Structure formats: structure tokens, C-alpha cells
Amino acid sequence: MNPDLSLYPNREAIAAQTWQARSRSCVHRLLAGAGQAGLVAYREDPMLTLAALAHGLTSEGEIVVATAEGELSEHLAPGEARGMDARLSIEKEAPDPAIQIVASAAHALGRLEWLGAAETAELLVSGSLPERVAEVAVAPGGRLARYSTGRILLHDAAGVTPVMFDDVREQHGMAMWQAESGADLYEAPGGELLAMDILNGHPPCRLDSLFGRVLGGAVPGALLSRQAVRMGCEHMTAAVLCLDVDRTGLTLMKVSHDDATTAYVPFERPVASGAQLALELSVLFDAGG
């Protein structure tokens, strides 16, 4: 690893296919229901903004959103099917309860197609909708829409990474297959909470030790960012916090009195279950010691 912390992110420290797998997995989790979604139909007059949405991917890998917001009634008659150009944004906070920080976000430009009553009912009966999306769609005043796009931009500590939606659909197909066998940890957005429970089963000192070995080059990893911070209390000690536990690895942030340094630590192989995650964490914590 390049010890010069002014160079970010240090992508050459990790194989290109690992970066691609990480980006694809992160975007899939965001589109599949993690985080908070919002839509802006920027060509509407007046411009339509929907900040409280349920979102997810159907069994077939289509992006769907549902809302019951009153603002929609100014643009869409009850039961009307209509298309709009729209910008989709999804933000997700870090799963570590010790911090409140947006760890990743997805942004896309695409086409929003509001569905009529008959097609909405058909999708609800088919069982292909994510549970939360279906709940909002059947609520009083609820509306359901498909969203189509060719490319998503992932914003996180590694910068801005374009991800093709076809790659996300392929990831979703794998997740659905793993879920049928009871093996996919991230088939539902709540999977990262289980992942955090598994991670928190290790003492915090192990994360601190792992971060130090990544910085020293004993364990493969990549530095993503470094920024100046100021702790509110002089008596607070430095800590290593988890920004994300993904299928492909850990994104960690070490916060000291002066700065916050973020690094990505890949697993030897992608995880698809809690047991596999526990194994990969043990391998990481024992590596380079």
C-alpha cells in the first residue's frame, strides 16, 4: 500500500474486479431497499419532489417506488398511468449506531412510469413487489411506479463510480437465487443489521488492530479518504468505526482528534450468509498478525 495518505483512493492496492464487485454490490443494496429514496420530476411544471418513498427491486429486477404523498395529486389523476423524466436519489447512513453519517448514495436520471390501477393490482397479486413497496402502494392514496435507467452513480468514500444497471440486475438475480436456498445475507435491507451484530461480536480492539495492519500494509486494503475533524471533547479517544459491511468487505473509518481516515478491506471471497461473514471476519482479524 502507498503510505502517502494524500493519494486517494488508492485503487491500485486492490484488484480491479474487486472494486467492480464492491460497487455493484453497494448499488444493488441501495436499489433493493436500503437507505432513504427521493425523486425529482424536473420537467414537471411545477417541479414535483417526492422525499418520502418506499423503493426496491421486483423479483424480475425492476426498480419500483411507491408513495402516498399528497403533492402527487397535483400532477396525476387517481388511477392515471403516466410517464415522467425523474432524478432518483438514495442515501444510506452507516449501520454503526455510534455515528450519524451518510456512508453511500446512489443517483440516477431515468424515466418514471406511474402505473394504473389494473397494472398495480396485477403486480400486487403476483407477489413480485418488495414488502414495504406493496404496503405503501395499497395505503389510502398510494401510487406505484416503475423507474428505468441505464446507469447509476455511486457516491461514497471512494468517490464517484458509475455502475451499469444491467450489472445490478445480474447481482439481483444471484441474490434471489441465494435467497431461495436461504443463503443470501443481503436479500433484504435488514441484512446489514445482522451483519453488524456479527461484527459487534468481536471486541472493538480487533477493528483497531485490523485498521493498523491495513495502514501498515500487512493486510490488503485501500485507503479511500482522509479529512480533518475536530472532536467536541478533548477526553474522547480515537476509535475505528464501521461505515459499511458489504458482501465484498468492510469500509472502516478511524477517527482521531485531528482527522478521519477511511479504508476498504476486502474479504477473501464474497459472503452470502451470516456463517460465511463470520468466517471471513475471523480470517481478516487473524491476518497479518
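**Entry 1: Pro 130.** I looked up the contacts of Pro 130 (heavy atoms within 4.5 Å) and, leaving aside residues up to four places away in sequence, I found Gly 56, Leu 57, Thr 58 and Val 64. The model is predicted, local features need pLDDT of at least 70, side-chain atom pairs count only at pLDDT 80 or more, and totals for chains, interfaces and linings use all residues. Residues are numbered from 1 along each chain as its sequence is written, and side-chain values use heavy atoms, with hydrogens and water left out.

I located Pro 130 in the loop between helix H2 (117-126) and helix H3 (131-137); helices (H or I, at least four residues) and strands (E, at least two) are DSSP runs, numbered from the N terminus. Pro 130 counts as buried because its relative accessibility is 17%, the term meaning under 20% relative accessible area, with exposed over 50% (1.4 Å probe, protein chains only). I also noted Ala 54, 76 residues from Pro 130 in sequence, with a C-alpha to C-alpha separation of 9.2 Å.

**Entry 2: Pro 46.** I found a cis peptide bond between Asp 45 and Pro 46, with omega about 0°. Most peptide bonds are trans. Pro 46 belongs to the loop between strand E1 (36-41) and strand E2 (48-57).

**Entry 3: helix H5.** For H5 (residues 191-199) I listed Gly 191, Glu 192, Ala 195, Met 196 and Leu 199 as buried. They lie on the same side of H5 because their arc around the axis is only 140°, taken from the directions from the helix axis to the C-beta atoms. The face turned away carries the exposed Leu 193 and Asp 197. Among the elements covering the buried residues of H5, I recorded helix H1 (16-31), strand E4 (82-93) and helix H7 (274-286).
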